[in-house]
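Have the sequence and the 3D view open as you read.

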Amino acid sequence: MQIQPILAALRRHKAGTILIALQIALTLAIVCNALFIINQRLSHLSEQSGVDEPNLFVIRNMWGEQYSTQQAVQHIEEDVAALRQVPGVQDVSAVNNYPFGPSTWDNFITMKPDQLSPTTDASFYTGDENFVRTLGLKLIAGRDFRADEIQDKGLRDSIVPAVAIISKAMADKLYPNGDALGKTFYAMTSSPITIVGIVDVLHRQDVSSWSASYLGESMITPIRIAMPWGLTYVVRAKPGQLEEAMHAAPKALFAENRMRMIDPKDGLLSFAEVRHRAFEKDRGMAILMGIICVVLLAITGAGIVGLTSFWVGQRRRQIGVRRALGATHRDILHYFMTENLLISLGGVAIGVLLTFGLNLWLVTRFTLNLLPVTYVLAGIVILLLLGQGAVLAPALRASRVPPIEATRPA
Amino acid sequence: MESMLAYYLRLGVRSLRRNPVLTVLMVLAIGVGVAASMTTYAVFRAVSANPLPDKSAQLFAPLIDVWGPQERGNGDDIPDAFTYTDAMALMRDRKAARQTAIYPLNHTLIPADVSREPFYVTGYAAYADFFPMFETPFVYGGGWNREQDDARAAVVVISSQLNQQLFGGANSVGRSVRLDDHDYRIVGVMADWNPRPRFYDVNNSGGFNDPPDFILPFTQAVDTHTDTAGNNNCYGSAGRDPGWDGWLRSNCVWVSLWVELPDSAAVQAYRDYLQGYGAEQNRAGRFHWPPNAQLFDLTQWLQHEKVVPPETRMSLLLSLGFLLVCLVNTVGLLLAKFMRRAGEIGVRRALGASRREIWTQYLAEAAMVGVAGGVVGLLLTGVGMLSIGLVFDPEIARMTHMSVGLIGLTLLCALVATVVAAFYPTWRAAHVQPAWQLKSQ
């Protein structure tokens, strides 16, 4: 196929050619960046929590009256005992929060007490001796908390825990040589905290972008929160009995003590719901970007069909002449396919520049990452295929123009 | 002229009918592009609105550097709240026309009627100036006064919604409510009032929550040891003294401060005062760094706190890009459509039609595509508004709704976009050389 005559013909349709190329360029820029955003958002959705998700649920319990620390401790113990009696419940832990939870508690971590800029930032969990077991965390080194290590923390008490269990991600950050067990660190505390155990994975409480560089860095302290207003219970159901346990647990609590509130909206959640809510924004963004991509590609494809059809209509006589001079169906088909390929190539060339331009802008404004080249390559392939697909129908119609057209007036 | 326009519109309809597929394609492209832009714009407008337009230039949020430069690793901001110590010092000095310290509270409301279950309420601790500063409207009663601040009075202002729930909407001023284990006398019932974004709490929340149920005196909340329901950020490893008083004396920041400064002289004076306060703390040995005070007006504060979620900006931006592609598409299709009729234009021009008339005729045709695109866009915007909840926070989704303004804007946007897109194709049509066209026939 000779390219020279196609280029000569295109020069006579400058405006149309430029418009299609421009449209392809803009589409490439938007689709590549949108696909990248989708991928980044979806990768959040698969972040590991480290907990036994299918069997867990949480109860956010608010007391109906303000309790002193001693009263709160007593009520928590009664609650835990009541929950353990519920058929289908395997374990219960009184906690401050859970992975992907509604609020966040995190502390700066330093290696020395007087260190001014922190080594890292850890999500701060408080839990009793049942925490690791209830959440189903995998202890890969050291030991679990002993019951006699648990301290009760009332309103604004400042309690410095002596020991902590930390996640592997945090252990690796503090002691990259893998010898964290038995060593110490400071979590905005005046005295050191000794690492007595390491769990494989425990996600942070938050899923915000500011903490992305501290992903998976969490610590558990042997503290039982006994605040005047309430606390959260994490409950682990026996396999396959989540629904029954979730149904029965609040009833058992109310039967035991009526003076409490469990919010109907978000007081009782299965862990699946917790995860769903935490990543709602990410999922929404991925859906929106997905819709934009699909519709944009459809419109660009339709635009190419429309403009090429017009060109075919305009050139019926020339096509007829070529056919009369011996050009085959296949020659005509190839002519239009090649023409589109040339325009598309021009479009993607401009598009690659626009893509990286848009990406750089998004990087500076929205802390998006730099676009990997694979996305651009994928985008180019998609758009070239789209162009070829869109041009096929009008090109086939062109190839069926009979030679007799040569004799008809335009 | 008028009859000519009608004639051109008739011609346009006929021409558009001749290529229904092309016409539908153009109308759909315009409609989809406009709808995507309008939906995301409605969300953007809702979250970036000025919550108090007539007062925003006089309301300021001060900040001082309480932790020193060493805390800020790489160009981070200074803490966006006050320690109790500094907030109280600034409140005592009363250097602004009005001022209030604020922090969010959660309480359990125990209904007087024992047969009703206790329920959870959220509100704020604030000073008497809160109400006149933020122009809070009341249905019954009003705020409390400065003397009651000083007297640590157990008074409360409740929302109309809570008033409805507890008293069936009747005037409840003088009656009392029980929050946890304290009784509060109601002094005022607010009218429906929920400025969004909730500028005075954006350092604690997203800023688009339901209205607060109650507001009570800051001094009273501190007296009853009511913990903050918002952020509490601390720095350093020195630890702190135990208990509530230890926390009040600590370097933890959890109090918001707002001041009203009526003119630029007052603003400058307050800036100097803040700087002077920092210098004084430095001399006193409390801050070991040069004073660093900042003063944001309401709109600057909303920007500083990044109230508009990045998702909102990003989706508006990509939707506009999307509209641009739709327009380029329309330019191409209109060009094809108009130039196909080059012969017809040539005949008309040869018969004496001016370029101006060709312009009118073709822009009229494009305008019809625009209007049809606008109608499709309107329908799709309606669908978009219903599905905002899929993409954005439910709180934000609830704020966006179809308004007359938005309907007008959608139609206008579609019309203007299409006519702009039609300029180049029409220019080409008007410059068709009659002689050349006639010769080729």
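Predicted model: local features only at pLDDT ≥ 70, side-chain atom pairs only at ≥ 80, totals over all residues.

## Two chains, side by side

Residues are numbered from 1 along each chain as its sequence is written, while chains are lettered from A and ligands numbered from 1 in the order in which they are written.

| Chain | Residues | Buried | Box along principal axes |
|---|---|---|---|
| Chain A | 410 residues | 45% | roughly 105 × 50 × 35 Å |

Chain B has 17 helices and 11 strands. These are DSSP runs numbered from the N terminus, with helices being H or I over at least four residues and strands being E over at least two. Chain B is more spread out than a compact globule, because its radius of gyration is 31 Å, well over the 22 Å that the globule rule gives for 441 residues. That radius is taken over C-alpha atoms, and the rule is 2.2 Å times the number of residues to the power 0.38.

Chain A has 11 helices and 14 strands. Its radius of gyration is 32 Å, whereas a compact globule of 410 residues would come out near 22 Å.

What about contacts within each chain? Two residues are in contact if their C-beta atoms, placed from the backbone, lie within 7 Å. In chain B, 78% of the contacts with a separation of 6 or more are between residues 24 or more positions apart. For chain A, 84% of the contacts between residues at least 6 apart in sequence join residues at least 24 apart.

## Inside chain B

Chain B is split into domain 1 (2–48 + 309–440) and domain 2 (56–304), with bounds that come from an automatic or database domain assignment. Their C-alpha centres lie 50 Å apart. How many residues of domain 1 of chain B are in contact with domain 2 of chain B? There are 5, and they meet 5 residues of domain 2. Helix α15 (residues 394–399) of chain B gives the most to the domain 1 side, with 3 residues.

## Where the chains meet

Between the chains, 51 residues of chain B are in contact with 51 residues of chain A. On the chain B side, the elements giving two or more residues include α2 (20–47), β3 (98–110) and α11 (310–340) of chain B. Which one gives the most? That's α11(B), with 18 residues.

## What the record says about chain A

An unreviewed UniProt entry lists "domain: ABC3 transporter permease C-terminal" at residues 291–403 of chain A. Such positions are given in the numbering used here, feature names are shortened, and annotations may be inferred rather than shown by experiment. In the model, residues 291–403 of chain A are 87% helix and 0% strand.

The unreviewed entry also has "transmembrane region" for several stretches of chain A, among them 285–313 and 341–363. Residues 285–313 of chain A are 100% helix, and their end C-alpha atoms lie 42 Å apart. Residues 341–363 of chain A are 100% helix too, with end C-alpha atoms 31 Å apart.

Key: Buried ≥ 20, exposed ≤ 12 C-beta atoms within 10 Å, placed from the backbone.
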